[in-house]
Amino acid sequence: MDLKDFPRSELGFFPTPLVRLERLSKLLGGPRLLMKRDDLTGLATGGNKTRKLEYLVGEALALGCDCLVTGGAAQSNHCRQTAAAAAARGLGCHLVLGGSEPERYEGNLLLDRLLGAEIHWSGALRKGERIPEVAAGLEARGRRPYVVPYGGSNEVGALGFVRAASELAEQLRAAGETVSRIVFASSSGGTHAGLVVGKALFGLGAQILGIGIDKGEAGEMPFEDHVHELASSLASRLGLGRPIGRGEALVRNEFLGGGYGVVGEAEREAISLLARSEGILLDPVYTGKAFGALLALSRLGEFSKSETILFWHTGGTPALFSPAGQTLL
Ligand SMILES: *Cc1c(COP(=O)(O)O)cnc(C)c1O
């Protein structure tokens, strides 16, 4: 199938800007840095999940569903964008969130409520493990739920990043730029798998380098294998005509620091450096860690000074206004 054969519901403003980080590149003395601003997708403060939701909601509407069910951590950007997408299309929204009801609603959680989502607290389970149970309950009450998987990362959601790769290829051509690597925070794998397949389909030359931000649970498949598997099935569905190589799904896992959502010195420095040199905000959970990794790799000499590296800003800024944001000062 071709990308345009999949139903898509327009939820964001695309293309997102491609910008040069001139001041920071100079400050670091190389490599040259570009940034793809998916924090500006426009859906209720933006982020990378908007691209996936365009295809997921497209399918939900095509199937005649009347509500969306998804889940994640209490400060999930994915859940907040899903709540906004549901509101924009007149669908109900049920969010299965890790933890228990807090005293104060802040950051993404505040926005979930404003956007009208119904929240189901699920204690220690923060990866949407109870989504099937909530969906079954809705079905039993005569609703037609559409399940959006954790992070929106299945073959349908990842289509958003196949499309994103084509969008970037076009922007690079127009700007006369070539990038050697694309660096970004990788967590549920849909962004990564979509970019890997999009790179193969649209001839992007750059290495696709995901930065792991979550250790994963014991017994789970290694994250790189998960990305590879998702990219492989997506590639065959889109008729790529060749297998995705094991080495095409690269994840660096040595920048986890204190673990998921834990702010350490690396995140603090990365966030403050970009804020003060470029006036651009990162987030404490995903992009702060990934940008910290980019800075560390660059200082370790893994990137040559003359390379041009693109950082894909995947959003997440509402978490600055959650308790995690307070730990940045
Ligand atoms: C979800 C998310 C990611 C990771 O994207 P995946 O497709 O889940 O790997 C990165 N950054 C932010 C801000 C996110 O919300």
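The largest nonpolar core of this predicted model has 60 residues, and Leu 68, Ile 182, Leu 195, Val 197 and Trp 312 have the most contacts inside it. A nonpolar core is a set of buried Ala, Val, Leu, Ile, Met, Phe, Trp, Tyr and Cys residues joined through side-chain atoms within 4.5 Å. Among the elements that each supply at least two residues of this core are helix H2 (49-62), strand S7 (181-186) and helix H7. Helix H6 gives the most, with 10 residues. Helices (H or I, at least four residues) and strands (E, at least two) are DSSP runs, numbered from the N terminus.

Val 197 touches Val 162, Ala 231, Leu 234, Ala 235, Leu 238 and Ile 244, not counting residues up to four places away in sequence; contact means heavy atoms within 4.5 Å. A second, separate core of 30 residues includes Ile 213, Leu 295, Leu 297 and Phe 303.

Thr 191, in H7 (residues 190-202), is buried, with a relative accessible area of 5%. Asp 214 lies in the loop between strand S8 (207-212) and H8 and counts as buried at 14% relative accessibility. Buried means under 20% relative accessible area, exposed over 50%, partly exposed in between (1.4 Å probe, protein chains only).

Their side-chain polar contacts are tabulated below. A polar contact is a pair of N or O atoms within 3.5 Å; within protein, one must be able to donate a hydrogen and the other to accept it, and residues adjacent in sequence count only if both atoms are side-chain atoms.

| Side chain | Partner side chain | Distance |
|---|---|---|
| Thr 191 | Asn 48 | 2.9 Å |
| Asp 214 | Arg 126 | 3.2 Å |
| Asp 214 | Lys 127 | 3.4 Å |

Residues are numbered from 1 along each chain as its sequence is written, and side-chain values use heavy atoms, with hydrogens and water left out. In this predicted model, local features need pLDDT of at least 70 and side-chain atom pairs count only at pLDDT 80 or more, while totals for chains, interfaces and linings use all residues.
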